[in-house]
Amino acid sequence: MLNSASARAHTNIALAKYWGKRDEELIIPMNSSLSLTLDHFYTDTQVTFDDSLTADFFELDNRILPATKLTPFLDLVRQKAGIKTFAAVKSFNHVPNQAGLASSASAYAALAAAASKAAGLELTRPELSRLARRGSGSASRSIYGGFVEWQEGHDDLTSVAVPIEEETDWKIGMLAIILNAGVKKIASRAGMQHVVKTSPYYPAWVKESQADIDALKQAIANRDFTRLGEISESNALRMHALNLAARPPFSYFEASTIRAITMIEELRAQGVSCYYTMDAGPNVKVLCQEEDLPTIKAYLAPAFGTENLLFARPGQGVRFLEGDLHG
Ligand code: PMV
């Protein structure tokens, strides 16, 4: 058997975040989340099931890496397809790796699509979303484009992403300020596990999440950018407050994170509509409307460098690619 397939998936930015699991193995979250898929950051992955292999093999950006993390995920695919063949996985990441820009979202969404197709499975998008979720929770949302909700559900079947508005004509986007492109200090898996166990604010976080999602959906339907920004910013701050309140406490913020946040607040005080959000890393992502992008970039560039300001528009869901990947 030698069967190959390739797929591209884009990363996403959570506006109402997932930060805690109810089920560690199935990756069932404590609360639903809502994100925007982004066009600029994506992963291309080719999976080849090959009878001549004696173990799974992984190559990322032309570098050979241990396949230890991938094998349990590929086992799920093999189990579904009723095969035992090992696979060669070749990926090219167009996302600053592990810097809290959720490269795991695009990585596992692309892997779910390519691996299932190469194994001979023809999965629907809800099935792909459930499979991608097993690799990384946020990957469940990257199956779809535009605005996406991952409904928490209560088991493998019901915990799945659904599109809210796949192809949005809204001229908004996210400007990522890359403050530190290095590997994050605390993996999201460990960070969220710790807050669920020790943060006294955790029940309040779960309760408020649903209200945020409902309000975000309204803001999307009404094209109300101010409301969308306010809710997203407040949701992000509450997620990071969980970390600060954990025992022992931790934080993904660096000095430059606070500096970037302060500058966004200054811009807003000058009448520019822009809001910030942060994930499991120090980088700050600015939600804005395209018309304000030149002003925002001009304000931030002297402090952070133009090369560290990366803008992304709403992006597409996962799709299959033809032929072999060459980077
Ligand atoms: O899916 P993971 O394990 O990479 O966790 C993602 C967590 C956040 O990015 C912080 C929030 C989210 O909903 O994407």
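What follows is a short chat about ring pairs and nonpolar cores in a predicted model.

Visitor: What should I know before we start?
Guide: This is a predicted model, where local features need pLDDT of at least 70, side-chain atom pairs count only at pLDDT 80 or more, and totals for chains, interfaces and linings use all residues. Residues are numbered from 1 along each chain as its sequence is written, and side-chain values use heavy atoms, with hydrogens and water left out.

Visitor: How many aromatic pairs does a search of the whole structure find?
Guide: The search finds 6. Rings of Phe, Tyr and Trp (its six-membered ring) pair if their centres lie within 6.5 Å; planes under 30 degrees apart count as stacked, over 60 as edge-to-face and the rest as tilted. W19 and Y252 make an edge-to-face pair, with 6.1 Å centre to centre and 75° between the planes.

Visitor: Where in the chain are W19 and Y252?
Guide: W19 is in the loop between strand 1 (2-16) and strand 2 (21-23), and Y252 is in the loop between helix 6 (225-245) and helix 7 (255-269). They are 233 residues apart. Helices (H or I, at least four residues) and strands (E, at least two) are DSSP runs, numbered from the N terminus.

Visitor: Is W19 buried or exposed?
Guide: W19 is buried, with a relative accessible area of 3%. Buried means under 20% relative accessible area, exposed over 50%, and partly exposed in between (1.4 Å probe, protein chains only). Y252 is buried too, at 2%.

Visitor: Which ring pairs with Y252 at 5.7 Å?
Guide: That is F250, and the planes are at 85°, so this pair is edge-to-face. F250 is buried, at 11% relative accessible area. Ring pairs link W19, F250 and Y252 into a cluster.

Visitor: New topic. How many residues has the largest nonpolar core?
Guide: It has 36 residues, and those with the most contacts inside it are V47, F49, F73, V77 and L111. A nonpolar core is a set of buried Ala, Val, Leu, Ile, Met, Phe, Trp, Tyr and Cys residues joined through side-chain atoms within 4.5 Å.

Visitor: Which element gives the most to this core?
Guide: Helix 2 does, with 9 residues.

Visitor: What about the other core, how many residues does it have?
Guide: That core, lying apart from the largest one, has 25 residues, among them L36, F147, A176 and L287.
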